[in-house]
Each structure stands twice: as C-alpha cells, then as structure tokens.
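Dear colleague,

Please find the structure below. My notes on the chain contact and on the domains follow it.

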Amino acid sequence: MKPAAFDYAAPTSLDEALQLLAANDTAKVLAGGQSLIPLLNLRLAAPELLVDLRRVPGLNEIARQGDELVIGATVRQRQAERDPLVAEAAPLVTAALAEVGHPQIRSRGTVGGSIAHADPAAELPAALVALDGRVIARGPGGERSIAAADFYLGFLTTALDDDEILVAVALPAAPPRTGAACVEIAQRAGDYAACGAVAQVTLGDAGTIAQARVALIGATDRPVRAAAVEEALAGGASIADAAGHAGDGVEPIDDPRVPSAYRTHLAGVVTRRALEQARSRAA
Amino acid sequence: MSTHTIRVTVNGTEHEAEVPARLTLADFLRERLDLTATHLGCEHGVCGACTILLDGETARSCIMLAAQADGSEITTLEGVVAEDEDLHPVQQAFWDRHGLQCGFCTPGIIMSTLELLREHPQPTREQIDDALGGHLCRCTGYVKIVEAVEQAAGVLSGSRA
C-alpha cells in the first residue's frame with residue numbers, strides 16, 4: 001500500500017510555503033501527517049505536492065497573548081498535552097488531547113493539523129467550537145481570523161481557502177474555577193468515537209454553574225455546539241436534565257453500526273458524563 | 001516525483017540517502033537499511049507494528065515519510081539490545097511471560113514499552129493500557145503482554161536501584 005506519486009517540499013519560510021501552495025491547485029499542507037499520510041497510503045487523496053511546514057520558523061510556539069492562548073500550527077499534540085500553560089488557560093484542550101488517537105500518534109500529530117483536517121469524529125475541532133476560539137490563517141492577501149462558529153463547513157471541509165495556511169489557533173483563556181472534560185464512547189479505546197462530548201464548566205461564587213460550554217464529537221458531519229444544553233444549564237437545570245437536551249436541533253449521522261437514534265441517546269450520555277467530570281474538576 | 005537527500009542516525013549509525021518523496025520511513029528502514037524488525041501491518045497508522053523511536057519518542061513509521069525524518073535520530077528494535085546481552089530486559093520479560101505468540105506485533109509493543117518505562121518506571125495498569133492501546137495483537141489477548149511489561153518494570157527498576 002503505497003501513496004500515489006507526489007512532489008514534496010519543506011520550505012523555510014511561510015511566504016515560500018504560501019507561494020508553493022498558490023502555484024499548485026492540488027497541493028496539500030503537511031504538518032504532523034497523522035491523518036494526511038493514511039489518506040495518501042489508502043489513495044483516498046492524491047495531491048501533486050505536499051508542502052511540509054516543519055522548517056517554517058515561528059509556528060511551534062504556545063503563548064499567552066492577552067486574554068487568549070495561542071497555539072502555533074506545528075505544535076505537536078503531545079507537546080501541548082504536557083504544557084502547563086495549556087492546562088491552565090485551556091483545560092478543555094488538555095482534556096481533549098488525551099483522547100486523540102494514541103500516544104504514538106500524538107507524538108507526531110499537531111493541534112493545528114487536527115483542527116484544519118476537520119474530521120467530524122476528532123476531539124480538537126469540538127474543543128475549538130465549544131470555546132468559541134478562532135483560527136488564524138495566512139494567505140496571499142495577508143492574515144485573517146476565522147471564528148470557530150464559521151470555520152467548519154462539513155465533512156473534512158473548512159472555511160480555509162485552498163491557498164491559505166492555518167498558522168495558529170487562539171482560544172479564550174479559561175476563567176478561575178473552571179474544569180473541563182472530554183468523554184467518548186468507542187468500540188475500542190482510541191478508535192473513532194460513535195459519539196463524544198467536550199464540556200467546560202465554570203463555577204460561580206455559590207458553587208453553582210456560572211457558565212457551561214458543550215460541543216458534540218462525531219454526531220454530525222462537523223463538530224456541533226450543544227446550545228440547548230448550555231441554555232438549560234443557564235436557566236438553572238440540573239446536569240442530568242440539561243444533558244437530556246443534547247440531541248435538540250441535532251440531526252445525527254445514521255449508519256448501520258450506530259443508528260441515529262442510538263447516537264442521539266449516546267449524545268445525552270456523554271454530555272452528562274462530561275459535564276459531571278468538568279464540574280468536579282472545577283471545584 | 002521529487003527526490004530528497006536525507007541524513008538520519010539509525011541505531012547510532014549515520015546514513016545519507018536519496019529518497020523519493022513518497023517513500024515511507026518504514027519502507028526506508030526495511031528496504032534500504034534492511035532493518036526488518038520494524039513490521040508493517042495496516043500501513044495506515046492503526047495497528048502499531050511499525051512503531052519506532054523518533055528522537056526518543058514513539059512514532060508510527062508507516063505514516064511518516066522518510067523525507068520528513070531528515071535530521072532525526074531513530075531507534076528500531078535492532079538497536080535496543082546492548083552489545084553484551086542477548087536480549088533486552090523488556091524482550092526477556094516477553095519471552096519469560098509468553099507475551100507473544102506469532103510475534104508480528106511484538107517489535108512495536110517493545111518500542112512503546114521502552115518509552116513507557118522510561119517515563120513511568122513503575123507504571124500502573126492504566127498507564128500500561130494507555131501506552132499499549134494503540135497496538136493490535138490478534139494472538140494473546142493482552143494479559144500476557146501486560147504481565148511482561150510489569151515484569152520488565154520490576155527488573156529494570158531493580159537494576160537501577
């Protein structure tokens with residue numbers, strides 16, 4: 001099983017990478033390659049050129065910038081998973097990373113790559129959506145910011161233009177007394193989840209839930225915000241009651257392995273578990 | 001298809017090679033360097049048989065291009081045994097505890113075990129499961145594998161003390 005033939009380039013500047021991307025219609029950006037190379041090996045994708053970001057300077061940084069945590073495009077998942085700054089400012093990212101593939105995948109896979117790949121069963125895109133983060137993209141016309149709510153357009157499809165590169169993701173820093181969790185149900189640990197949820201809970205003075213953010217993994221063709229759950233919690237509902245609204249307004253994927261009715265059921269289960277775990281970690 | 005000059009250190013030996021863009025690191029190790037302990041099962045990053053240490057961290061060599069490995073230091077199963085021993089203590093533990101039957105998956109599992117015991121010399125059962133969850137073994141049912149890892153942890157931490 002070998003990939004179809006392609007050219008490979010490892011430019012040493014972002015401008016050079018952008019020029020290579022603009023000059024070839026089928027070029028793909030390569031970061032960690034943990035999703036892209038399998039697609040090439042299976043010949044589900046056959047780009048003419050891979051533009052590897054590994055030599056582009058300045059993309060491998062994790063930094064607190066004002067009220068945001070900014071994670072550069074080539075930051076490895078394992079690096080972010082173990083970074084105390086990420087754990088403090090974006091605990092939902094840390095929780096989500098622990099569920100990404102396996103340790104042997106996270107050593108190579110990148111945060112930015114997973115977010116740009118837009119697999120509906122991936123954890124990091126759901127975290128981005130739940131947190132109302134944003135994607136920072138660079139193209140021939142300069143840099144732009146894309147809100148998480150506008151970023152995912154469908155299965156493996158984002159608002160990035162073909163000649164744009166995701167250079168970083170920015171996430172609003174978590175307030176004090178915040179906890180986060182990522183819960184999935186899969187046939188085997190590390191497999192694509194039949195359904196999952198990410199949840200971040202911030203407690204108020206009285207120990208009640210002041211703010212909750214929830215998004216579903218693998219429910220539809222893109223990560224989806226569980227808005228009805230968040231609204232129920234804001235209205236004072238218990239976690240168990242609020243989680244019952246996880247499927248509201250969501251038309252889940254239907255497949256023989258996981259029929260949509262079962263997936264809707266799972267959405268409620270993982271939402272409740274994720275919220276409970278997040279709340280216990282927020283204390 | 002473009003070709004690329006790469007320089008890698010594999011099991012302590014430096015190599016310079018000209019590789020086509022689509023050559024995976026696993027095929028480079030097996031076909032160019034004749035290091036066939038690195039096995040290829042699924043070739044899309046699921047089974048774990050091709051796991052190596054890349055700059056000290058476990059990685060799937062089947063979903064990485066040789067060109068991406070330029071400048072890296074790589075350890076394969078051939079590189080884990082010291083010159084004065086027949087088997088590494090982790091290998092010996094797999095032998096002793098019958099942690100393999102056909103042995104196809106074993107090279108990858110040994111590499112992940114080495115990383116696990118480096119980071120957690122006395123791993124919990126949960127840590128072992130997490131480290132080895134990305135390795136498919138179709139023979140043993142994993143019980144013997146986990147026991148082998150626990151024996152290796154005991155031997156290695158004993159010899160460090």
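How many Å separate the centres of domain 1 of chain B and domain 2 of chain B, taken over C-alpha atoms? The separation is 22 Å. Please keep in mind that this is a predicted model.

The domain assignment of chain B places domain 1 at 3-79 and domain 2 at 89-160. In the contact of these two domains, domain 1 of chain B takes part with 14 residues and domain 2 of chain B with 11 residues. On the side of domain 1 of chain B that touches domain 2 of chain B, strand 3 (51-54) and strand 4 of chain B each supply at least two residues. Strand 3 of chain B gives the most to that side, with 3 residues. Sorted by class, this side of domain 1 of chain B has 7 nonpolar, 6 polar and 1 charged residues.

Now to the contact of the chains. Here 24 residues of chain B are in contact with 23 residues of chain A. Two or more residues of the side of chain B that touches chain A come from each of strand 4 (57-60) and helix 4 (125-132) of chain B. The largest share of that side, 4 residues, is from strand 4 of chain B. The residues on the side of chain B that touches chain A divide by class into 8 nonpolar, 11 polar and 5 charged.

Regards

How values were computed: Residues are numbered from 1 along each chain as its sequence is written. Chains are lettered from A and ligands numbered from 1 in the order in which they are written. This is a predicted model: local features need pLDDT of at least 70, side-chain atom pairs count only at pLDDT 80 or more; totals for chains, interfaces and linings use all residues. Two residues are in contact if their C-beta atoms, placed from the backbone, lie within 7 Å. Ala, Val, Leu, Ile, Met, Phe, Trp, Tyr, Cys and Pro count as nonpolar, Asp, Glu, Lys and Arg as charged, and the others, Gly among them, as polar. Domain bounds come from an automatic or database domain assignment.
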